[in-house]
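Have the viewer open as you read.

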Amino acid sequence: MQEATFLPEPVQSVVSEVMEVGSRVQPFSNESVEKAPRIRDAKLFHSVCPYCAVGCGLNVYVKDGKVLDIEGNPDSPINHGTLCPKGSATFQYTVNPSRLAQVLYRAPYSDHWEVKSLDWAMEQIALRVQATRNATFRETADKDLDGNPLRDAKGNPTTKRVNHTLAIGSLGGATMDNEWNYVQCKLMRAIGVVAIENQARI
């Protein structure tokens, strides 16, 4: 085996100097030293994705009252930190400059929207629900939903206690939890609403 040959002293000196370039200075720039993740010092809250019935776990990072980031919870036995496209976009659902932050109302036959307070909107909903219920509530019925006369076992015309209104419908949203949808169903049944549908998923 041929022995390794050494470079002449002048060349070896130059090579050594070149090899030491950058080794005697700070390898990190000021920017890299000062950089930090945006979730540093943020408070972690565990949540559940609202989009479907799987119930994937979420990590929600909050700082100074603002949501900074939402990602999959790696400790969740459901998703182990992974999220589908809808779940991974949950941050945009929460923090979105295009999301309306005020009540907009367009009066009948109007060509523009008016900004209203939330209290005004809630009162209007309550008043209109009450007015609709009062105008359409039926304690008894002598016909079925198809308009056919109700008859007893002997075939005689009869009436049936129904205590309902068919003019109001209730649709629960998929982003509501089971507890909220339960309360909503109880309320709707209490005022006699028949058309009730829910998308409670979590």
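How do the residues of the lining of the second largest pocket divide into nonpolar, polar and charged? There are 6 nonpolar, 1 polar and 4 charged, where Ala, Val, Leu, Ile, Met, Phe, Trp, Tyr, Cys and Pro count as nonpolar, Asp, Glu, Lys and Arg as charged, and the others, Gly among them, as polar.

This is a predicted model, with local features needing pLDDT of at least 70 and side-chain atom pairs pLDDT 80 or more, while totals for chains, interfaces and linings use all residues. Numbering runs from 1 along each chain, and side-chain values use heavy atoms, without hydrogens and water.

A pocket here is an open set of points on a 1 Å grid where a 1.4 Å probe fits, with protein on both sides within 12 Å along at least five of seven lines; lining residues have an atom within 4 Å of a point.

| Pocket | Volume | Lining |
|---|---|---|
| Largest | about 300 Å³ | 9 nonpolar, 3 polar, no charged |

The largest pocket's lining includes Met-122, Gly-169 and Gln-184.

Now the serine. Ser-76 sits in the loop between strand 3 (66-72) and helix 3 (85-88). Ser-76 is buried, at 7% relative accessible area (buried means under 20%, 1.4 Å probe, protein chains only). Its side chain reaches the backbone nitrogen of Ile-78 at 3.2 Å.

Conventions: Helices (H or I, at least four residues) and strands (E, at least two) are DSSP runs, numbered from the N terminus. Buried means under 20% relative accessible area, exposed over 50%, partly exposed in between (1.4 Å probe, protein chains only). A polar contact is a pair of N or O atoms within 3.5 Å; within protein, one must be able to donate a hydrogen and the other to accept it, and residues adjacent in sequence count only if both atoms are side-chain atoms. Grid points are joined across faces, edges and corners, and a volume is the space filled by probe spheres set on the points.
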